Amino acid sequence: MKILKLIIIYSFVFCLNGCGAFSQFSHTNIKINQPIVKSKASFIVNEDRGSHQKTLVILSLSGGGSRAAYFSASIMLALENVFKQDKLNILEEVDIISSVSGGSLAAAFYVTSKDLEDKSKERRFNQAWDRETVTNLMSLNFRRKWLLSWFWPTNIVKFWFTAFDRSDMMAQTLADNLFDMKFYGFDLKFKDINHSRPNIVLNSTNGTIGDFSSIFTFTQEQFEKINSDINEYKVSRAVMATASFPGAFNYMTLKDFHSVDDKYVHVFDGGNSDNLGLKSVEKIIDKNKGKYKKIIVILVDSYTEGAGVSSSEYDGRKTLDYAVDLNFIDSSDSLLSINRENTIDNLSEKLEERGGPKEFVFYHVQFSDISNIQLKNKLNSIKTDFRIKEEDTESIDQAVSEIIVKDNLCLIKIKEVLLKKTTNHKDWLCTWEVPAPHNILLKAAGKK
């Protein structure tokens with residue numbers, strides 16, 4: 001009864017505001033009203049990270065829901081220690097991260113966290129980057145938390161009487177669990193990024209007429225085009241924008257302050273334009289050309305094979321398909337599988353046309369690197385969702401422990417470049433298959 005009374009009161013307040021109430025919560029970005037402060041959300045790298053300078057190290061994290069979030073985070077944690085005996089922390093060498101959808105959860109959490117040994121008293125960085133914390137957070141059931149948020153009285157009112165929608169609710173769910181100041185409750189903004197962390201480029205797809213299907217990045221460069229301040233925008237909303245999968249979530253909307261009239265930009269899941277984040281990697285290389293002779297790109301690809309319906313099934317419908325047919329996800333996956341190969345080839349071709357840097361390594365990490373058929377099948381069965389089962393995280397942990405090892409020849413190439421050893425290898429694209437028992441398998445990259 002109390003909830004009903006609260007809903008009536010809120011409804012009355014909104015009605016008093018007239019028709020304008022319906023446009024509330026349409027956007028949360030603000031107009032630039034002060035001198036622009038350099039942001040870590042930028043294509044331009046101003047400071048090299050790590051002990052080994054003059055090498056541009058780019059980490060690209062693909063989409064794939066919680067599967068991508070957990071796989072990306074696990075790879076990042078492993079990169080910290082794989083060459084510990086050589087006093088080389090590859091993650092510390094990363095200068096900039098480009099991410100999409102699920103990969104953005106891991107990327108954004110890393111740049112807003114601090115290492116355990118960091119004694120900084122900054123309240124913003126009270127989330128620690130360590131294995132226990134990271135794996136626990138990336139395996140949270142965000143879908144359940146999101147569904148529960150539907151029943152908050154304030155959310156009920158805002159959903160029905162304003163522009164507040166499903167994506168807004170998930171953005172707040174992500175903020176409450178990943179991107180806020182614990183004990184204070186303030187949601188982190190881009191100005192709160194840890195300055196010792198890499199730059200970050202979060203990728204979404206533009207769904208606005210005139211710019212439809214182009215990439216929209218949550219960067220200072222992109223926000224300046226709409227006369228908006230990226231530093232005052234909430235990280236959780238940007239992450240959600242990159243993961244607003246059509247059908248499940250709504251557009252994330254921003255106001256274009258360059259326009260005299262009320263104009264808006266509507267964005268959704270970045271996977272629809274580039275599920276690997278590599279188009280932004282091309283731009284990163286362009287924006288920083290001339291500054292680096294050596295470039296390393298590590299792509300963490302959470303793509304799974306075998307989408308579709310089993311040939312043994314007589315009815316392709318599952319429980320939810322009785323309400324809405326989810327085969328549109330399979331349709332999207334079929335397009336992504338084609339686009340991902342083209343995107344990788346395009347990056348290699350463009351770099352070759354430009355002459356490329358003297359030393360360049362592009363390491364493509366993927367589930368297909370696993371030679372164990374049983375484990376590979378388990379990995380490929382993990383669905384794209386904002387939840388992940390415990391047995392699925394265990395499969396990912398096992399895969400990462402087999403892929404990120406000191407005998408990995410792609411990682412050895414990366415180490416040689418970082419340690420200033422001359423490599424001059426001809427093949428830029430490097431993939432490394434986990435050796436099967438009694439059968440050492442190595443596919444050192446050339447173009448496909």
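**Close-up 1. The largest cavity in this predicted model holds about 80 Å³ of space.** Searching the whole structure turns up 2 cavities of 30 Å³ or more. Around the largest cavity you'll find 13 lining residues, and I32, I36, Q220, D229 and I230 are the ones nearest its centre. Sort that lining by class and you get 6 nonpolar, 5 polar and 2 charged residues. Wondering how empty space gets spotted at all? Rolling a probe the size of a water molecule over the atoms shows where such space is left.

**Close-up 2. Here's the second largest pocket, with about 380 Å³ of space.** Its lining is made up of 21 residues, with F164, D168, M169, Q172 and T173 sitting nearest the centre.

**Close-up 3. Now look at the helices around the second largest pocket.** Four to find are α6 (142-149), α7 (153-161), α8 (166-177) and α10 (235-242), each of which supplies at least two lining residues. Which helix gives the most to the lining? That's α8, with 8 residues.

**Close-up 4. Zoom in on S280, a residue of helix α12 (residues 278-287).** Is S280 buried or exposed? Its relative accessible area is 3%, and the cut-off for buried is under 20%, so S280 counts as buried. What does S280 touch, if you skip its neighbours within four places in sequence? The contacts are F43, S98, V201, N203, I215, T217 and D274.

Note on methods
Residues numbered from 1 in each chain as written. Predicted model: local features only at pLDDT ≥ 70, side-chain atom pairs only at ≥ 80, totals over all residues. Heavy atoms only, no water. 1 Å grid on protein atoms, 1.4 Å probe; cavity = no way out; pocket = protein on both sides within 12 Å on 5 of 7 lines; lining within 4 Å. Points joined across faces, edges and corners; volume = space filled by probe spheres on them. Nonpolar A, V, L, I, M, F, W, Y, C, P; charged D, E, K, R; others polar. Buried < 20%, exposed > 50% of the residue type's maximum accessible area, 1.4 Å probe, protein only. Contact = heavy atoms within 4.5 Å.
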